[in-house]
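Welcome! Please take a look at the structure below, and then we can walk through some of its details together.

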Amino acid sequence: MAVSSLLRLLSFFVFVFVFVFFTIFVDGQCLDDKKKLLLELKSELVFNSSISIYLVKWNKTDDCCKWRGVGCDDSGRVISLDLYDEGISGRIGESSSLFQFTYLSELILASNGFTASEIPNQFHRLTHLRRLDLSFSGFMGPIPSTLASLTELVELKLSNNFLTGSIHTFHNCKNLEYIFLGRNNLIGSLSHLHFQGLTNLSILDLSHNSLNGTIPRHLFTLPSISYLFLSRNHFSGQIEELPIENQSSLLWLDLSANRIEGTIPNFFFQFRNISILKLSDNLFNGTFKLNKIRSLASLSELTLSNNNLSVDTTNMSSSSHRYPYLSMLALSSCNLYGFPTLRNASYLSDLDLSNNYIGGDIPSWIWEIEILFLNLSLNHLTDFQKPYRILNTIKILDLSSNLLISELPLLLQSNQSDLFPANLLFLANNSLTGVIPTSICNISQLVVLDLSFNNLNGSIPRCLLEDSPDLAVLNIRGNNIGGVIPDAMTGNCSLKTFDVSDNNLGGKIPKFLASCEELVVMNVGNNNFDGNFPCMALPESLKVLVLRSNRFHGDLTCHKSWPNLQILDMSSNDFSGRLNLLNDSSWRGMMLENPTHARLNRSNSNFLGDGSYYHNEVTLTIKGLEVKLVKIWPDFTSIDLSSNRFQGEIPDVIGNLTSLYLLNLSHNSLTDAIPRSLGALTELGSLDLSSNKLTGRIPDELTKLDFLSFLNLSYNHLTGPIPTSRHFQTFSADSFEGNAGLSGFPLNGSFNNPHRLGPSPSDDSEPKDEEIEWGYVFAVLGYVVGFGSIAWTLLCRRSLRERYFEKIEEVADKIFFERGRRRRHERRVRRREERRNGLRRHHH
């Protein structure tokens, strides 16, 4: 009995020992050949050891199944590799040891830097692969067709790369549940793709590409589809009606920013569980009855903005019907003439009714909703319906471009005790009167204050600068505000945009601006500021500096630099001396070692470097006309020092500013020859050196500037023949007149310089101010504070700069054409009057 008990006990210990041995020392232990392959893979990959968390710790001594980022099955075979954000760069070769892990079911290489390399074609060897994530890794080129042979694939993530070409059909991958191909450069239609067989497909993301054609009807009826993202493509045509029965899986449908036409299909409103429906920025037309959304009890977001729709908001109000989950409604540019009644939308937090025809008073019920973001800009609103009490939940209020005529204090206080709460306040382009009240300083965490283009007077309250540490944008442009700017800010300065232009301000530029380390736009133009160049008041963070049309004087001596400066306008002042400022070699913002590469890099970046949303405007002189740029492209660079008293030669080092598009040094007293180094400015589109004292010949190097579309060298002392080239001959005689020693075409089509044809340099003629709303000049991302995020698609077939400035030239040329037509008409009218007067005198 005792022996049998002892044997049973011994057998138990033997079983436990064997189980523990095989569990610890056999099951899950990395196979030697797999460890060798992993170390080979590590040696193949180029990675940053300061960023790497996993790869950097792989070594020969430890069990590779215990390495971070490596997963094994019970037999010690590697089935998972997670190398997310490991600082890997370079490329993966077709013969890489990666493709010898034939039991791999999960591979994650996302957020690395495989820039300028293609996805290898060998993935078909990983026949067990179920999850492949190559997103955010810089891959370019086509999607390998071999991916379509991975029949076990469940999740495919290739989004946020630079992939090109068409999409392959994945009809053999019956298990696919998630496809992410968004934010690439994919082209072609979807007509050849057979999604019908993907009965498990839950998420399809093809957004932010260049896909075209019609949207296949069967995408809307896939049995498991929950999220369908097709926004930011070139899809066109109409979406025909479909019979939808018991379709409850679709939760999110985004078709925004395409070219889809026709009426909005009724079957969209049969997706009973849909939560988000985005149809904005298309070509949908007809009349849409907003009360259709009553059938969508789960709807939280609806965007219909910027179509060709007329939205009918009648029958929205009902005591028995509520909108329990509706949080965002965007009806911008929907031909609205009145407010939709949304009293029962108790959770509405984001309402955009901008760019419509809504007039009269803002209804009081709108303040009864705990709204966060309200955009009523670009309407015909005149006042507030009384009584009203603005709840302190509102964070962003945009009432710009309306017909508001009250005094500003009435808008800032809803009654005697409740202060206006908005952190971002837009009241630009109205007819507001009175002074800026000191009560505005009590707004908690004021971030944006835009009061531009109103009829405000008085001065800038000292407390506005002293007690607003979070203020990022102060724009009071285009008012009648006078006095001096208080040098009041003593604590941290958060200013990014400081625009006080077009007022009656005087005195000195306040020194506190030098402590604003994030200040990017400083515009004090068209005021009465005086003193020397405000060198010490200008922070090094500046990208836009406008001092035009003031009373600044003296030379430009300064020992500071502005490495990010892109727009510099100091025209129409009384500056003198030499152009020493242009000798600064630290203006990296205007230098491109590789223009194309740098242009593409900067085009993907935010103009002010953060995620905020605010459009900066700047007025520049382009082709002799004052033009308002309402959106500033990150690659736009310009220097305007015209109409001052600068002397001496043009510095030769100006040729280092290789990204410069606009250079205007006209109406000064510059001497010596035009530097040959200007020929290095291959991006130059506008060059104005007129009305100076320049001598010598026109450098042949200027004929190499193929991008140059405007040239003015008139009224100097230039001599010799005008250089000849196919491009240079396109400039008219106006570009060269007033130079007695010049000869050759196009001066009157001969080698003899004609008599003076235009006004002399001393004529005090101001350029005509043309206000151009360039809505199609798209800034991605300029520094924008507003509603939501403005996304955009990069087209890489043509130069971004070329397409942008094509619009500039198109508009400017149109202005010149119209201007010339008006002048010709005026001359004809004048001659007619002269003839009539002559006949009258003869008759008398």
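This report covers strands, aromatic rings, charges over rings and disulfides.

## Strands side by side

The model you see is predicted.

## Aromatic rings

The count of aromatic pairs is 21. One of them is stacked: phenylalanine 114 and phenylalanine 139 have their centres 4.8 Å apart, with 10 degrees between the planes. Phenylalanine 114 belongs to the loop between strand E5 (106–108) and strand E6 (131–133), and phenylalanine 139 to the loop between E6 and strand E7 (140–142), so the pair ties together parts 25 residues apart in sequence. Both phenylalanine 114 and phenylalanine 139 are buried.

Phenylalanine 533 and phenylalanine 575 form an edge-to-face pair, at 6.3 Å centre to centre and 70 degrees between the planes. This pair links distant parts of the chain, 42 residues apart: phenylalanine 533 is in the loop between strand E35 (528–531) and strand E36 (544–546), while phenylalanine 575 is in strand E39 (residues 574–577). Phenylalanine 533 is buried at 7% relative accessible area, and phenylalanine 575 is buried at 0%. Together with Phe552, Trp562 and Phe646, Phe533 and Phe575 form one aromatic cluster.

## Charges over rings

The charged end of arginine 77 sits over the ring of tyrosine 103, 4.0 Å from its centre. Lysine 157 lies over the face of phenylalanine 180, at 5.2 Å from the ring centre.

## Disulfides

There are four disulfides by count. Among them is the link of cysteine 65 to cysteine 72, with an S to S distance of 2.1 Å. This link is left-handed, with -100 degrees about the S-S bond. Cysteine 65 is buried at 15% relative accessible area, whereas cysteine 72 is partly exposed at 21%.

Another disulfide joins cysteine 535 to cysteine 558, at 1.8 Å from S to S. The torsion about the S-S bond of cysteine 535 and cysteine 558 is about 65 degrees, so this disulfide is right-handed. Cysteine 535 lies in the loop between E35 and E36, and cysteine 558 in the loop between strand E37 (551–554) and strand E38 (567–569), so the pair ties together parts 23 residues apart in sequence.

Conventions:
Residues are numbered from 1 along each chain as its sequence is written. This is a predicted model: local features need pLDDT of at least 70, side-chain atom pairs count only at pLDDT 80 or more; totals for chains, interfaces and linings use all residues. Side-chain values use heavy atoms; hydrogens and water are left out. Rings of Phe, Tyr and Trp (its six-membered ring) pair if their centres lie within 6.5 Å; planes under 30 degrees apart count as stacked, over 60 as edge-to-face and the rest as tilted. Helices (H or I, at least four residues) and strands (E, at least two) are DSSP runs, numbered from the N terminus. Buried means under 20% relative accessible area, exposed over 50%, partly exposed in between (1.4 Å probe, protein chains only). A charge sits over a ring if NZ of Lys or CZ of Arg is within 6 Å of the ring centre and within 35 degrees of the ring normal. A disulfide is a pair of cysteine sulfur atoms within 2.5 Å.
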